[in-house]
Amino acid sequence: MLTCKEMSELGSDIIDRHLGLRTRMAVFMHLRMCWRCRRYIKQLRLTSQVLQQLPLDWEPVDTAAILDKVRKHAE
């Protein structure tokens, strides 16, 4: 069974769905039993979704607006 540390190291691969079948099953089993990792993966996925909505330009980033979006999605 995966540890919480291993889950945190796999975070990006989990949300990007870059896991093999065996690892994916281990992640599924861990998430069924660990609410902290469920919360972590949910927050990581939300952060990724918000960041993907930002325009790819070189203008300064409005961090307050990003935090507002994350908070609204988290509610």
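Helices (H or I, at least four residues) and strands (E, at least two) are DSSP runs, numbered from the N terminus. This is a predicted model: local features need pLDDT of at least 70, side-chain atom pairs count only at pLDDT 80 or more, and totals for chains, interfaces and linings use all residues. Residues are numbered from 1 along each chain as its sequence is written, and side-chain values use heavy atoms, without hydrogens and water.

**Whole chain**

Start with a cartoon view. The chain shows five helices and zero strands. Read from the N terminus, the order is α-α-α-α-α. The radius of gyration (over C-alpha atoms) is 15 Å, well over the 11 Å that the globule rule (2.2 Å times the number of residues to the power 0.38) gives for 75 residues, so the chain is more spread out than a compact globule. Turn to the principal axes: the C-alpha trace spans about 45 × 25 × 15 Å.

**Burial**

Colour by relative accessible area next. Buried means under 20%, exposed over 50%, and partly exposed in between (1.4 Å probe, protein chains only). Of the 75 residues, 23% count as buried.

**Charges**

Select Lys and Arg as positive, Asp and Glu as negative; His and the chain ends are not counted. The chain carries 13 positive and 9 negative side chains.

**Helix H5**

Select residues 63–74, helix H5. Asp 68 and Arg 71 both sit here, three residues apart, about one turn of the helix. They form a salt bridge (a side-chain nitrogen of Lys or Arg within 4 Å of a carboxyl oxygen of Asp or Glu), with the closest N and O atoms 3.8 Å apart. By this rule the count is one salt bridge. Asp 68 is partly exposed, at 40% relative accessible area.

Note on methods
Charge placed at Lys NZ, Arg CZ, Asp CG, Glu CD.
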